[in-house]
Structure formats: structure tokens, C-alpha cells
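User: Hi, I am new to this one and would like to go through it step by step. Could you put it up on the screen before I start asking?

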Amino acid sequence: MTSSQRRARWLPTPGEEANGVVQRNGGIDDVARARLLQSAKEILGEGVEPGTGAGASTGLIVGHVQSGKTLSFTTVIGLARDNGFPLVIVVAGNKDNLLTQSHQRLAKDLDVEGGVGLPAWIMEKNPRAQDSQYEQLIRRTIANWRDQSLDADEKPTLILTVLKQNQRLQSLTNLLNKINLQDIPALVIDDEADQASLNTKVNQGQESTTYTRLRELRDALPCHTFLQYTATPQAPLLINIADTLSPDFVHVLVPGDGYVGGEEFFRRGSAYVKTIPAGDIPPNNALPIDPPNSLLEALRLFFVGLAISTINGTGRRSMLIHPARERLVHQENAQWATAAKEEWESALKAPIGDPDRNEVLSDFRSAYVELAKTEHAMPSFDVVAEKLPRALRNTTVIEFNTRGSPKTPEINWRHAEGWILVGGQAVDRGFTVDSLSVTYMPRGTGVGNADTLQQRARFFGYKRRYLGLCRIYLEQGLRTAFEDYVEHEQIMRGELQRLQLAGEDLRTWRRRFILDPTLRPCRQSVISDPVTRIRAGGGWTQQRGALMTEVARQANTGTLQRLVSTLHNQFVPDTTYLSNEAAQKHEIASGVPMQHILDMLTDYQLEEPRDTAAFTGLLVTLVEALRQDANLTAAVYRMRPTARLYRSINDDGTIDNFLQGRTDRTGGYPGDTFYQQPNQLSVQLHAYDLRQNGSTVAVSAPLLVFHVPSALARSWLIQVQNGQ
């Protein structure tokens with residue numbers, strides 16, 4: 001579907017089910033409920049409209065990590081039933097525990113087992129093609145929805161949750177292919193859509209298995225809306241626009257007021273983040289016999305926080321120890337946590353005045369003092385100390401991996417007041433650690449994928465009411481990477497929100513991200529079009545594509561003339577070098593508002609791919625700089641405005657370097673690169689006649705040059721896809 005064929009929006013109407021989802025959620029206020037409903041209406045309204053025939057629409061729904069994406073798609077599912085969708089499919093995670101978590105959460109939030117009379121919902125997990133009861137169920141559901149004699153409340157909506165796994169997806173597709181679904185609108189939710197769904201063999205000209213199964217599933221649904229939910233949209237954004245999973249619209253979810261994310265945890269001088277000393281992270285996971293001091297410190301903070309929560313009646317607390325992936329490392333960390341818990345519990349049972357008891361209480365007092373820096377509703381330490389034995393006794397330590405079992409264990413959070421989970425990949429993404437307050441992560445950035453890094457942020461979430469008890473322990477490199485990633489995420493979300501508000505087709509957007517040079521946006525295996533990485537800062541960017549179409553050249557001349565006209569009273573002769581030659585005389589306009597430069601750069605046309613990448617990245621860099629400082633200005637130079645000169649260009653219409661260099665003689669011309677301001681953006685406007693193979697091919701062709709000072713430096717990625 002091209003941008004000119006973009007599907008018109010329709011307006012879903014919230015009914016009993018969508019309203020019921022938001023009303024049953026007691027954790028949000030009326031304003032948040034209204035926002036949640038409006039968001040769901042906008043999301044579903046971008047997809048296929050029931051009753052309009054065959055068609056498909058793909059949407060990318062972007063939220064923060066742990067920000068309520070599940071509640072969003074649950075509301076969308078309720079809205080789908082209210083508006084005539086008989087079939088909903090939720091592809092929920094590639095691990096059984098994630099699927100179970102999502103299935104149970106959906107059943108609870110939709111109140112599947114509640115109410116009286118005929119049910120509004122029928123839910124099944126991992127339907128099997130070889131089991132005839134599932135085929136009968138789907139056929140019965142579709143037949144009832146086609147029966148005009150039945151009222152809407154007599155037609156249950158069928159929800160099928162399925163593991164994102166080869167055989168499970170194929171089994172469901174085989175079921176659907178047995179049934180005529182030509183006029184049946186379906187809603188498909190792909191949770192954690194950047195994981196496993198995408199084609200990891202695109203660069204080999206092949207299809208990965210899970211990608212093929214999702215494509216086949218979509219092919220079995222003639223009329224459907226496919227919603228990709230993720231907090232890390234880098235990979236879905238960078239796949240080729242011709243891909244069947246490439247989104248054609250985007251919706252950015254806004255978290256509720258209680259959400260705490262990277263902007264707060266990783267702001268400058270944050271009291272919530274602690275650095276794990278390098279000596280506490282053994283090389284190659286060669287674990288010492290004794291636990292690191294920083295781990296013991298984190299454990300004491302957790303238990304003091306749990307004791308305070310017990311006193312305040314604010315609920316259970318959890319701690320996550322997230323070391324490397326190796327299970328033996330998990331086992332050792334779990335043993336350390338268990339041994340510390342038992343040792344402290346035993347010491348606190350000793351008589352008052354016992355040296356071991358006094359030492360343990362002194363250490364816990366230090367943890368209490370640390371938490372008092374951020375938690376202001378603190379009971380006295382003596383009161384907290386009375387609750388510490390209970391906090392220690394009622395905490396369960398668990399290895400959260402598949403060691404000794406084919407499946408990751410499932411947790412009933414109500415079975416303990418405190419939980420300490422030790423795990424690796426099982427808690428990297430998708431899994432929600434209930435009431436997480438303390439995180440200890442003695443591991444590096446790994447292979448350096450930004451989306452994987454962000455998914456480790458299980459410590460984000462709705463923590464406002466107990467934020468003061470939260471602490472995050474990170475290795476220094478990982479801490480720095482998170483700090484840098486926060487800026488990247490803000491800019492990316494801002495770009496996507498702009499597209500959403502403008503109603504633009506996502507497929508026409510040139511993918512551009514600001515990203516720390518130590519990070520990659522996502523795994524390279526899913527990206528077919530090249531990504532260019534350039535650092536816009538502390539140097540020169542000049543236009544290489546000199547010979548353009550006549551229409552583009554005239555448009556660019558007009559763009560620059562408008563800028564010069566706007567600044568005509570500001571241009572004065574540059575006197576830093578005095579010369580009688582017109583080719584060495586320039587004019588300068590100082591203190592030009594940065595917005596004027598952005599307006600010009602936005603309108604300026606470029607045809608050479610390297611220019612498109614370089615100047616698009618430059619534009620993003622300047623926009624972000626202006627966002628941080630609205631008073632930024634630039635210097636604009638009109639280079640040799642009274643001289644008429646020529647430059648020779650290559651056979652492909654590019655020019656290697658058109659800037660005049662410095663002369664060798666003492667006191668001679670300092671060269672074009674001399675004309676810049678050290679602490680602000682400098683823009684040079686050039687115009688030359690162009691010659692190719694001895695013939696003049698263009699007259700007064702405009703060429704741009706920018707100098708970006710190091711203060712505005714940014715590392716960024718740009719991707720222009722085939723078809724854009």
C-alpha cells in the first residue's frame with residue numbers, strides 16, 4: 001500500500017467492553033481512562049473497518065518499557081468487540097511463561113469469566129489443528145457472527161492466544177485455512193513485535209521460520225488489522241518498506257502520571273542509580289567465593305525497603321539480580337542472596353547486645369540512611385528494624401531460568417511479601433517483575449544493540465508511589481549506555497509523534513536516529529537497506545551532488561534567495577581578510593536565528609544519496625540542539641557574491657571539493673574553511689557555473705557548506721530505503 005493509497009480513518013465507538021476494561025483498572029484516574037480510550041480509538045481506527053471488505057493494515061504501536069502496552073492492546077481488543085470484530089489473535093511472546101502471563105492478564109482485564117448470561121468472550125491458548133474441537137469452535141463463532149437474527153450480545157468474540165513459535169503458529173494457520181473468513185474482520189496483536197517476528201535471513205534472500213509463519217497467518221486472514229506492540233521499534237522501523245511486516249502507520253503511547261522511566265532514573269546526578277565497582281564484576285564470569293560488597297549493599301537496601309513497605313502497607317517488593325546469561329552464574333548469585341538472607345535473619349534473632357546482631361543492624365542502618373535520601377515518608381530506624389526479621393523471613397529467592405526444567409518457572413506473586421529473582425535472558429524482555437524496587441545488573445552492554453539494551457530496563461514502570469525505595473546498580477559502561485540511550489529514545493519518539501500528528505504514511509519517513517557510536521539500533525540480520533553512521537560535529541559537511549535537475553536547481557536557488565532576503569539588512573563585508581579580488585571577498589550575517597537555517601535546510605532539495613544522508617542527519621542534529629536551547633544562532637556567509645566562477649564536476653554530476661584553499665605566500669588568502677565561527681553553526685552559501693568535460697552544464701548552481709562546532713556534536717544514523 002503506497003502513501004497515496006493510505007486507508008482513510010474510521011471512528012470506532014466505545015461500548016460495554018472497552019469501557020469495562022478502563023473502569024476495572026483501579027490504578028488510573030478518570031483523565032488517564034479517557035486518554036486510554038482515545039488512544040485505543042485512534043489505533044483501531046487506523047486499521048480495517050468492519051464491513052468494508054478485504055484489506056489489511058499494519059500499525060506500529062510504540063510505548064515505553066513497562067509502561068502499560070498490555071493495557072493498551074487489551075482496551076483495543078475490547079473496542080474491537082464493541083465494533084464488530086469476531087476474531088482476535090494475540091501472538092504473545094516466544095516463551096511459555098510470557099504467553100501464560102499475557103493470557104491470564106487478558107482474561108482478568110477483559111473479565112472473561114465474569115458476568116451473567118451468554119459470555120462476551122471465549123478464550124483459548126495455543127489451539128491445535130489436529131484437535132477438532134478448535135475447528136468447531138472457530139466455525140461456530142463465525143457462523144454466529146454471520147447470523148443476522150442474533151443480537152450482538154449473543155455473539156461471543158473468540159480470542160486465541162498463541163506462542164510466537166514455529167509449530168504453534170503453523171497449527172493456528174492450518175485451522176484458519178479450513179474456514180472461509182472472507183468477510184470476517186480480525187484483529188492480530190503481535191506483542192514484543194521486534195523479537196522473533198522479523199525476517200532474520202533477509203540479507204541471504206531467504207525467510208526465517210517464524211517470519212514465514214506470521215506471513216502465512218496474515219495470508220489466512222483476508223480482512224485484518226495487524227498491530228505491532230513494542231517499546232523498542234528500531235528493527236520494525238528499519239526493515240524494508242516492501243516487507244509484509246513493515247508498518248504503514250505509527251501510534252506513540254503516552255504513559256500515565258505514575259510512570260518512571262529513563263528521563264528520571266538517568267538524569268544528571270540521579271540518586272537512584274549506583275555504579276557497580278569494576279572489582280565486583282569478575283572477568284569471564286570467574287566468580288569468587290564470597291559475594292561482592294555491592295551485591296550485599298543492594299540486598300540490604302531491598303530488605304529495608306520491604307520493611308518500610310510493610311509498615312506503610314504499600315504492598316510487596318521485588319529485587320532483580322540480572323547477571324550474565326550462564327545458568328551457573330545465576331545459581332551462584334542465588335546462593336549468595338539466600339546465604340546473606342539466612343545469615344542476617346539468624347543474627348537478628350540473637351540477644352540485644354550480641355556483636356553479630358549489632359554489626360548487622362549497623363549495616364542495615366547505613367542502607368536506611370541511603371534510602372532516606374530519596375524516600376521522605378520514613379518511619380524511624382528502630383521501627384524499621386523491628387520489621388526486618390519479617391522482611392527476611394517472607395522473601396523468596398528464586399532462579400528464574402530453565403536450569404533443571406524445560407520451562408521457566410511461573411510465579412504466584414501473592415505467595416510471598418518479598419521476591420528476589422536471579423535470571424538472565426528470561427527477564428530480558430516482556431516479563432514483568434511485580435513491584436520491582438532494586439535491580440542489580442553486573443553485566444556489560446553485550447553486542448551493543450540499542451533495542452536489546454532498552455529491553456533490559458525491567459526497572460522502569462509505574463513506581464511513582466514507591467520511587468524513593470528504588471535503586472539500580474549497573475556496571476559503569478552499561479550505566480553510560482543507558483544515559484546515552486535516553487536521549488536517543490526521546491528524539492525517536494518525538495519524530496514518531498510528529499508523524500502521527502501529521503497523519504503521514506510511515507513508509508515515506510526517512511529513518512533517522514541519534515545514537516551513541518558504541519550502540520547499534522538493532523541486530524543487523526533484519527535490515528536489508530544500508531544504514532549510514534556519521535558524526536555531525538566539530539567539522540565540515542559540504543554538498544557533493546552538484547549537477548541536479550533544472551527544477552531542483554531553480555527551487556534551491558529560490559530557497560537561498562529567500563534566506564538572503566530575510567537577512568538582507570544583516571549582511572556586512574567580512575573584514576577578517578582584506579583583498580581587492582572579488583573571488584576573495586565575502587559577506588557575513590551574524591546572530592541569525594537557528595530556526596531560519598532549519599527552515600532553509602528543510603526546503604533545500606538534494607538528489608545525491610550521500611547528501612541526503614548527511615544533510616538529513618545534520619537537520620536532526622540542529623533540531624535537537626534548538627530544542628535544548630531555543631536561543632541558538634548561526635553565522636551565514638555569502639561566499640564571493642560579486643564574482644562569477646566555475647567548477648569542474650565528475651561524470652556522475654558530483655564534485656569532490658569546490659572550496660578554495662589557502663595560498664602559500666605569507667599573508668595570502670587563508671582558504672574558505674577559515675570562514676567559520678568557533679562556537680556556533682556556520683553556513684556558507686556558494687554558487688558556481690558547472691563544467692563537465694569542458695562544457696558548461698549549469699549556470700550559478702547553488703552549493704551548501706556547513707561547519708558544526710563540537711558543542712553541537714551528535715552521532716546519528718540515517719537510512720533511506722528503496723522506494724522512498
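User: Let me start with a detail: in E15, which residue is the bridge partner of methionine 441?

Analyst: The bridge partner of methionine 441 in E15 is leucine 474. Please keep in mind throughout that this is a predicted model.

User: Which strand pairs with E15 there, and in which sense?

Analyst: That is strand E13, residues 436–441, which pairs with E15 in the parallel sense over 4 bridges. Strand E9, residues 273–276, also pairs with E15 in the parallel sense, again over 4 bridges, and in that pairing lysine 274 stands opposite tyrosine 473 in E15.

User: Okay, stepping back, how many helices and strands does the protein chain have?

Analyst: The secondary structure of the chain comes to 18 helices and 25 strands. The chain has 724 residues, and buried ones make up 56% of them. Taking the contacts between residues at least 6 apart in sequence, 81% join residues that are at least 24 apart. The accessible surface comes to about 30,700 Å², with 46% of it belonging to carbon and sulfur atoms.

User: What is the average pLDDT of the chain?

Analyst: The chain averages a pLDDT of 84, and 85% of the residues score at least 70. Among the elements, helix H12 (residues 355–371) has the highest mean pLDDT, 97, whereas strand E17 (residues 532–536) has the lowest, 53. Residues 1–8 call for care, as pLDDT stays under 50 over that stretch, for which the model has 21 contacts beyond four places in sequence.

User: Changing topic, what is the order of the strands in the open sheet of 7?

Analyst: The order is E3-E4-E2-E5-E6-E1-E7, and the pairing is parallel. E3 and strand E7 (249–252) stand at the edges with a single partner strand each, so one side of each is left without a neighbour in the sheet. From one strand to the next, the twist averages 20°.

User: Over how many bridges do E1 and E6 pair?

Analyst: Strand E1 (residues 55–62) and strand E6 (residues 223–230) pair over 8 bridges in the parallel sense, and alanine 56 stands opposite histidine 224 in E6.

User: Which strands does H4 lie across?

Analyst: H4 lies across E2, E3, E4 and E5, and it runs at about 170° to E3.

User: What about aromatic pairs, how many does the structure hold?

Analyst: The structure holds 22 aromatic pairs. In one of them, phenylalanine 265 and tyrosine 272 have their ring centres 5.8 Å apart and their planes at 90°, so that pair is edge-to-face. Phenylalanine 265 and tyrosine 272 are both buried.

User: And why is the pair of phenylalanine 265 and phenylalanine 460 called stacked?

Analyst: Their planes are at 10°, with the ring centres 6.1 Å apart, so the pair is stacked. Phenylalanine 265 lies in helix H9 and phenylalanine 460 in the loop between helix H14 and strand E14, so the pair ties together parts that are 195 residues apart in sequence. Both of these phenylalanines are buried.

User: Which residues form the aromatic cluster?

Analyst: One cluster is formed by Phe265, Phe266, Tyr272, Phe459, Phe460 and Phe482.

Terms used
Residues numbered from 1 in each chain as written. Predicted model: local features only at pLDDT ≥ 70, side-chain atom pairs only at ≥ 80, totals over all residues. Heavy atoms only, no water. pLDDT = per-residue confidence, 0-100. Helix = DSSP H or I, 4+ residues; strand = E, 2+ residues; numbered from the N terminus. Contact = heavy atoms within 4.5 Å. Pairing = 2+ DSSP bridges. Axes fitted to C-alpha atoms, helices over the stretch in contact; angles between N-to-C directions. Buried < 20%, exposed > 50% of the residue type's maximum accessible area, 1.4 Å probe, protein only. Areas by Shrake-Rupley, 256 points an atom, 1.4 Å probe, with all protein chains shown as cover. Phe/Tyr/Trp six-rings, centres within 6.5 Å; stacked < 30°, edge-to-face > 60°.
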